[in-house]
Amino acid sequence: MASKPNCRNYNHGKQNPPVAFCPSCGEKFMSHVKAHKTCDAQTHAFDRKNRSLFCSNCGKDLNK
């Protein structure tokens, strides 16, 4: 997996990233992984506190 030029998240270059979605651009890292994890408001609030633009579990845009 090559590094994505427009995203500063280092998970794009990893063979096995620790998250299913990129928290910076929302791209799905592993095509075979389904976004079946349901997140709640508390999980999304934690991601927002860490300055994530997208949820790393479900890929939801946290700015909306």
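Here is a short briefing on the protein chain shown above. The model is a predicted one. Its protein chain has 64 residues, of which 31% are buried. The secondary structure comes to one helix and zero strands.

**The chain as a whole**

- The protein chain exposes about 4800 Å², and carbon and sulfur atoms account for 50% of that area.
- If you take the contacts between residues at least 6 apart in sequence, 21% of them link residues at least 24 apart.

**The nonpolar core**

- Five residues form the largest nonpolar core: Cys 7, Val 19, Cys 22, Phe 29 and Met 30.
- In soluble globular proteins, nonpolar side chains tend to be buried together.
- Val 19, a member of this core, is in contact with Asn 11, Phe 29, Met 30 and Ser 56, setting aside its neighbours within four places in sequence.
- Cys 7, also in the core, is buried, with a relative accessible area of 9%.

**The cysteines**

- A disulfide is a covalent bond between the sulfur atoms of two cysteines.
- The structure holds zero disulfides.
- For Cys 7, the nearest cysteine sulfur belongs to Cys 22 and lies 3.6 Å away; a disulfide here requires sulfur atoms within 2.5 Å, so Cys 7 is in no disulfide.
- Cys 55 is likewise in no disulfide, and the nearest cysteine sulfur, that of Cys 39, is 3.5 Å away.
- Cys 55 is buried, with a relative accessible area of 0%.

**Before the helix**

- Helix 1 covers residues 41-49, and Gln 15 is found in the segment before this helix.
- Gln 15 is exposed, at a relative accessible area of 64%.
- Along the chain, Gln 15 and Met 30 are 15 residues apart, and their C-alpha atoms are separated by 9.6 Å.
- Met 30 can also be found in the list of core residues given above.

- Arg 51 is exposed, with a relative accessible area of 76%.
- Most residues other than glycine have a negative phi.
- Arg 51 is not a glycine, yet its phi is positive, at about 65°.
- Ser 56 has a relative accessibility of 13%; the cut-off for buried is under 20%, so Ser 56 counts as buried.
- Not counting residues up to four places away in sequence, Ser 56 touches Val 19, Ala 20, Phe 21 and Asp 47.

Conventions: Residues are numbered from 1 along each chain as its sequence is written. This is a predicted model: local features need pLDDT of at least 70, side-chain atom pairs count only at pLDDT 80 or more; totals for chains, interfaces and linings use all residues. Side-chain values use heavy atoms; hydrogens and water are left out. Helices (H or I, at least four residues) and strands (E, at least two) are DSSP runs, numbered from the N terminus. Buried means under 20% relative accessible area, exposed over 50%, partly exposed in between (1.4 Å probe, protein chains only). Contact means heavy atoms within 4.5 Å. Accessible areas come from the Shrake-Rupley method with a 1.4 Å probe; for residues, only the protein chains shown count as cover. A nonpolar core is a set of buried Ala, Val, Leu, Ile, Met, Phe, Trp, Tyr and Cys residues joined through side-chain atoms within 4.5 Å.
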